[in-house]
There are 2 protein chains.
Amino acid sequence: MITRKDLNPNLLDAEYAVRGAIVNRAQELEKQGRKIIYCNIGNPQALKQKPITYIRQTLSLLEYPELLNNKDALESYPKDIVERAKWILQKHPLGTGAYTQSGGIGFIRKAVAEFISKRDGIPANEDHIILTDGASKGVQSVIMALLKKKTDGFMIPIPQYPLYSATITLYGASQIGYYLDEQNSWQLNEKILTDSIEKAKNDGIDPVAMVVINPGNPTGAVLSHENIEMIIRFAQKHILSLMADEVYQENIYNPNYHFYSFAKVMHEMGVKDTPLFSFHSVSKGYMGECGHRGGYMEVRNVPDEVMAEFIKIHSISLCANLDGQFVTYLMISPPKEGDESYSLFIKERDGILHELKTKARIIGEGLGSIKGMTTGVPPGAMYAFVKLELPHTQDVTKMTPEERLAYDSKRDNDYCLAMLEETGICVVPGSGFGQLPGTLHFRTTFLPPRDEIESLVVKVKEFHEKYVERIKKLVLETVS
Amino acid sequence: MITRKDLNPNLLDAEYAVRGAIVNRAQELEKQGRKIIYCNIGNPQALKQKPITYIRQTLSLLEYPELLNNKDALESYPKDIVERAKWILQKHPLGTGAYTQSGGIGFIRKAVAEFISKRDGIPANEDHIILTDGASKGVQSVIMALLKKKTDGFMIPIPQYPLYSATITLYGASQIGYYLDEQNSWQLNEKILTDSIEKAKNDGIDPVAMVVINPGNPTGAVLSHENIEMIIRFAQKHILSLMADEVYQENIYNPNYHFYSFAKVMHEMGVKDTPLFSFHSVSKGYMGECGHRGGYMEVRNVPDEVMAEFIKIHSISLCANLDGQFVTYLMISPPKEGDESYSLFIKERDGILHELKTKARIIGEGLGSIKGMTTGVPPGAMYAFVKLELPHTQDVTKMTPEERLAYDSKRDNDYCLAMLEETGICVVPGSGFGQLPGTLHFRTTFLPPRDEIESLVVKVKEFHEKYVERIKKLVLETVS
């Protein structure tokens, strides 16, 4: 028999908060019949968002091409969808049933390169595109490939999406956290970056790559052009590879903000010596096709011999799943004006994005107006990272930084667990993403339907006020 | 700019022969207009095997549930398929669009446990099932989880499927090869196993797990009950975890052979202290749904605390793709007698298995009768691992074992590359799987259609004879 101590210590150390203890407790409560509002993870269709019709229509034809010979069935499909399915099956007659080349189907890689070219007005190389099972698998392959030794460091934002910290820990690399500047709309700050990298170097860490999530998870921030330029100069100066997690590029709700890809800004700056790995996914945007595990990574500024090694690492798992590859294709080439499916597509897309925008406002304004909570209206992504103030239960003035971190981590965990037990709302404690010592947060999605979001704001307010009262009372009792 | 030397040395060292240099060359030739017969990989639908209809019909309804409201379209679906799709969507209303729990959809894990129970007449625990993106991802998670340090050793068969060697190299573990007994139908041999593990221990390696592929890849062998018992006793004695790759369990063509799962034999023996990880996949069998990347792993004889870590490692990539999860469900619960779709299912299943059986015989007898080639008719899987004799071009008597290995590796690579260039047939050199020093092999699938297999045998014979003549002549010229 083996026990935990026989397992990889890196696995034991890895933590994945968005699927951690609080979520397990939520599932238990749900089994007991409690209604749970899952705000722990960006899983839109689990929160009643409807799939985009043209994607599913096309997939049904690709899965069962016999339908293309069934006139009665085809009556219910828009003509352009039928033509598109036929065209795909002409380009790739094997449909969904066979392994493809390790990097994915050729015509889809080409279409992705064209999408990037068109989006950014820059050249893109189809041979440097790899189709992946969601963005996660692409990210993991890059961390694995760039990791030469335990002391190789990956810079990641704090707060961050725990895929990064979990993978770095699991693969036995070193993490270099850099704090995002909460005072400045969660942008990156050059001084903080420099301090982080200098400290890491002093600690014997060799920085090799830097992760940037834009739009941000869990922050919902959108980086300015200027901020991205600063980051690229920083990476160039410190000879870092850049990993740009751009899965929320369609999720921007404030007209004052604009998505600039790292590829575009880097091209404009003429930077050709800094490797760039960009990730995109079908799981976010307005589609939320999380279950299809589709996505791609684009690689820039690496020689062919390096690209070949990235293809090899993906070849060991053969290839990304085919439905995911096709959804990726459909994501980057939606119906065009004049297509029969166009108007429904626009209606669905704009409907979802409009709802997300409204819900971002409700949650940002609603939670932000609660005494003891601070958050703006998130301009992007699907999350609010809400700052929290709670009365202290211990004297924090004499704590070491480690003790303070442990104390705060317990506090935000206790808070989120109590919120779950009392309201059925499942959010993730800030310590699961990382936060500045001495601050407390929680992350919530704003994906549930509008009425649930509205009632969520009310419930959170009630809960928070009671919780604060309870702690105050507890402290008084302890003191007296 | 980064170069190869900036990458993970384990990645540079990893080799994945079934997608290696010869396959790249085949793709180049194909681009130039040559007809290539891809016998390098078990990818049935790429070699004209048709998908099983009930699977694709069900998937089309799951992808686009609106079809269930379209009477005209449903006319062409068997009633049981329509009912099944409705039942699935009742059990899992989110269909294909959302992340699931990390281990996969609950009702499918339960169905897998019931499938194992029924197949083997033993109890099985749904909480110890994890749905995976193909078997590969399950295998990789186990190697990652059991690996504590560089000198931890994983015993793998030689010849083996290169997923194992590639993953062990990539993750920085140690490989302990054990030769399969070619003289004895490629069964495992206790003395060889003991010698291998003793040698490894003397070399400072700590054996932690042992991989067995049954039915065998690349050997096509089927292990006897007695052989499996021996293996389990061996693992128990040496405190090894067992990894049973059973993806070819449906692919047995000889009535004298029978598939016994490791789970069943272990249960019969009452062994409760040896951890067992068994893998199954939708990519093989009679379905060959490689593109859907579906599969599962079953875990036995580990405590809940260990199982929780396996769930965690899968949670870091969120969950397996949903179509793959549903195909896995459909694989283990095909149509039943009395269902409208039953007769077509049986016809398709038996048709494919009958063809595979016939083609195994054609390739086994055909290639086996060529002078200088040895192979039996493979009783299982999708491959023949053909032993080859070639005239020597160098004096081998003075070679060190390493020199001999390099010499043989060049010989079988040259041979397979020449076969590709001259016949368009793409097979994989034996050195890509490993082989006893001093022997040469190649692996070929017997998946292409029957007429192509027949012509393959003729072409290989012609090629082989010419190639041998050419080498003989070369040697004579060198000597004179």
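A:Phe463 is buried, with a relative accessible area of 2% (buried means under 20% relative accessible area, exposed over 50%, partly exposed in between, with a 1.4 Å probe and protein chains only). The model is predicted, so local features need pLDDT of at least 70 and side-chain atom pairs count only at pLDDT 80 or more, while totals for chains, interfaces and linings use all residues. Residues are numbered from 1 along each chain as its sequence is written, chains are lettered from A and ligands numbered from 1 in the order in which they are written, and side-chain values use heavy atoms, with hydrogens and water left out.

**Aromatic pairs**

- Over all chains, the whole structure holds 32 aromatic pairs (rings of Phe, Tyr and Trp, the last by its six-membered ring, with centres within 6.5 Å; planes under 30 degrees apart are stacked, over 60 edge-to-face and the rest tilted).
- A:Tyr415 and A:Phe463 form an edge-to-face pair, because their ring centres are 5.1 Å apart and their planes stand at 65 degrees.
- A:Tyr415 belongs to helix α15 (residues 401-423) of chain A and A:Phe463 to helix α16 (residues 450-479) of chain A, so this pair ties together parts that are 48 residues apart in sequence (helices, H or I of at least four residues, and strands, E of at least two, are DSSP runs numbered from the N terminus).
- A:Tyr415 is buried too, at a relative accessible area of 0%.
- A cluster linked by ring pairs consists of A:Tyr415, A:Phe442, A:Phe463 and A:Tyr467.

**Interface between chain B and chain A**

- In chain B, 87 residues are in contact with 86 residues of chain A (contact means heavy atoms within 4.5 Å).
- The two chains bury about 7200 Å² between them, 58% of it on carbon and sulfur atoms (buried area is the accessible area, with a 1.4 Å probe, that two parts lose on being put together, summed over both).
- Six salt bridges are counted between chain B and chain A (a salt bridge is a side-chain nitrogen of Lys or Arg within 4 Å of a carboxyl oxygen of Asp or Glu).
- One salt bridge joins A:Arg56 and B:Glu63, with the closest N and O atoms 3.9 Å apart.
- Another salt bridge pairs B:Lys137 with A:Asp133, where the closest N and O atoms are 3.9 Å apart.
- B:Lys137 lies in helix α7 of chain B and A:Asp133 in the loop between β2 (129-132) and α7 (134-146) of chain A, so the pair joins two chains.
- Both B:Lys137 and A:Asp133 are buried.
- A:Arg4, B:Glu309 and B:Lys312 are linked in a network of salt bridges.

**Salt bridges within a chain**

- Over all chains, the whole structure contains 55 salt bridges.
- A:Glu309 and A:Lys312 form a salt bridge with the closest N and O atoms 3.1 Å apart.
- Both residues, A:Glu309 and A:Lys312, lie in helix α12 (residues 304-315) of chain A, three residues apart, about one turn of the helix.
- B:Lys48 and B:Glu452 meet through their side chains in a salt bridge (3.2 Å, N to O).
- B:Lys48 lies in the loop between β1 (37-38) and α3 of chain B and B:Glu452 in helix α16 (residues 450-479) of chain B, so the pair ties together parts that are 404 residues apart in sequence.
- B:Lys48 is exposed at 58% relative accessible area, whereas B:Glu452 counts as buried at 12% relative accessibility.
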